[in-house]
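Here are my comments on the model you sent. They are set out as numbered points, to be read alongside the coordinates.

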Amino acid sequence: HLSTLSEHPSENVIIVANRLPGTATKDENGKWQLEVTSGGLVSGLLGVSNITTKWIGWPGVCVETEEDKRELKAVLREHNMIGVFLDEQMVADYYNGFCNGVLWPLFHYAPPNLDQWHNLGGTTVAQTQWAAYIGANEAFARCILENYGSRDTVWLHDYHLMLCPAMLKERKPKMKVGWFLHTPFPSSEIYRTLPVREEVLRAVLKADLIGFHTYDYVRHFISSCSRILGLEGTPHGVEDHGHLTRVVACPIGINVEKFTEALKQDSMKAQIEELRARYRGHKVMLGVDRLDMIKGIPQKLLAFEKFLEEHEEWREKVLLVQIAVPTRGKVREYQKLRSMVHEMVGRINGKFGSLTHVPIHHLDRSLGFHELVALYAVTDVALVTSLRDGMNLVSYEFVISQKKHESEGPPGVLVLSEFAGAAQSLGAGSILVNPWNATDMAQSIQEALTMGDDERKERHNVNYIHVTKHTAQSWADNFITELNDTHIEADLRDRQ
Ligand code: ADQ
């Protein structure tokens, strides 16, 4: 490598994501407060500490008055954050519409919702949403340009901001711009159904560096560029008339230290003991997900139901704790999913529950960090059943929280969907499942619950080594170093 982060101590990285890591709400005194935004992107980025960063993003609320905006800006500034303010129509069309209604499903292998493409009052909804997507990307690009200094590196995140690289480079060709996708990039056969497939690819290709979690996503992206734009894919990226855009696999991880430090605390140990006492006599299975179609929560519940049906001997002895924090509550599909999950939990508990035992403990909310770690630590079997998932950090968090002393018993088992990016890194130490096959999943649950101690230890060890080596910090270091190198190489080429 031509450069490393430590050789650039004064460098600033501007992290730009649709959502800021703090979501703004007003307290009863009318003062703005920030709550940590939940989700993998924020968890990953908050685990990075050695780069000086400024965040640019939407604070998660529509702010109506100028006075409110001024006050919120001041609160954000204290935390090194700069707000991009979007109005309600923009949030409806850009965020809920094009991002969450079109790109998110498409990137997870679901075709865009048909409603999006229906004619409505003369303009198609899709056109309105596409226009809003362009408008929002322009608003982000403007904000970046206003806050950019010539030594800054701009790191764009996720599918919300795919037009920004072109908008930034048009104004500042020398700007160092990287873009990282947290979701999968689908096969070109899926991607090419997107009506604006060319515009999106051309714009994102203006970045100096493009990163994905896995080589599969890199391959899909490069083949989309060659099939749709006729550009040449090389082992290093995509070439367009002599201009190379570097494309790399750069998998994310978690903030390992935060977990290991927390697990050493006496208060944590006490919390773990308390949970152990509460669950005594039961095996604990755990699901922690944002309530999202991609996480396969109904599939997980069906598999658990099948398992209970087939294994009467386990009915009073096993418990599934499912924590599902609601997200994107304004999108109709998410509302439907929530009702469906509630209905299924009710049905399964009604069928297999008794006066003394409820098989599924379902919580519809976010847990605090300590509560979550304690829960991971007492879990016997974690169930990650994503239908598609860029990486899945829950599986990493479970593995790290299962580091146990001999006296505490063997580590828990990870049952992991083969459709999560994490299957490529944690596959060897997990039981891999196809979440669409309930019979297979029910068998895997049985296998996990009855696995011998030695095998549990061996499998956990393999995963533990991976999680501790591939952290959020190393992910950010690798990406930024690669971005610097790419930029230096391009600069040298330009001078020749
Ligand atoms: P997400 O889809 O949000 O992330 P994931 O990677 O599993 O998925 O991260 C979820 C994060 O939110 C974890 O840190 C977890 O602890 C937290 N979380 C989830 N439910 C919670 C709850 N009920 N209470 C408290 N915390 C909760 C996206 C992509 C992933 C990719 C990440 C990072 O969809 O595939 O791994 O970005 O790139």
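1. N392 is buried, because 27 other C-beta atoms lie within 10 Å and the cut-off for burial is 20 or more. Please keep in mind throughout that this is a predicted model. N392 sits in the loop between β17 (381-384) and α14.

2. What is N392 in contact with, leaving aside its neighbours within four places in sequence? The partners are V384, S386, A420, G421 and A422. D289 is 103 residues away from N392 in sequence, yet the two are 9.3 Å apart in space, C-alpha to C-alpha.

3. The backbone of N392 deserves a look. Its phi is positive, about 95 degrees, although N392 is not a glycine. Most residues other than glycine have a negative phi.

4. Y109 is another non-glycine residue with a positive phi, in this case near 70 degrees. Y109 belongs to the loop between α3 (88-107) and β6 (119-120). Is Y109 buried or partly exposed? With 15 C-beta neighbours inside 10 Å, Y109 counts as partly exposed, because a residue needs 20 or more to be buried and 12 or fewer to be exposed.

5. F419 lies in the loop between β18 (413-417) and α15 (423-426). F419 has 24 C-beta neighbours inside 10 Å and therefore counts as buried. Beyond residues up to four places away in sequence, F419 touches S386, L387, R388, D389 and P435. F419 and G390 are separated by 29 residues in sequence and by 8.8 Å in space, C-alpha to C-alpha. S386 is a contact of F419 and also of N392.

6. Around the ligand there are 24 residues, of which G40, S43, G390, M391 and L393 come nearest. Elements giving two or more residues to this shell are α1 (40-46), β14 (283-291), β15 (318-326) and α14 (393-401). Which element gives the most? That is α1, with four residues. By class, the shell divides into ten nonpolar, ten polar and four charged residues.

7. The largest nonpolar core has 136 residues, and V16, L414 and V415 touch the most other members. Helix α4 (residues 125-147) is the element that gives the most to this core, with nine residues. In soluble globular proteins, nonpolar side chains tend to be buried together.

8. Helix α9 (residues 256-264) and helix α13 (residues 369-378) have axes that come within 11 Å and cross at roughly 80 degrees. α9 is therefore roughly perpendicular to α13, since angles of 65 to 115 degrees count as such. F259, A262 and L263 of α9 make the contact with H370, V373 and A377 of α13. The residues of this contact comprise five nonpolar, one polar and no charged.

How values were computed
Residues numbered from 1 in each chain as written. Core = buried A, V, L, I, M, F, W, Y, C linked by C-beta atoms within 7 Å. Near = placed C-beta within 6 Å. Nonpolar A, V, L, I, M, F, W, Y, C, P; charged D, E, K, R; others polar. Axes fitted to C-alpha atoms, helices over the stretch in contact; angles between N-to-C directions. Parallel < 35°, antiparallel > 145°, perpendicular 65-115°, else oblique. Contact = placed C-beta atoms within 7 Å.
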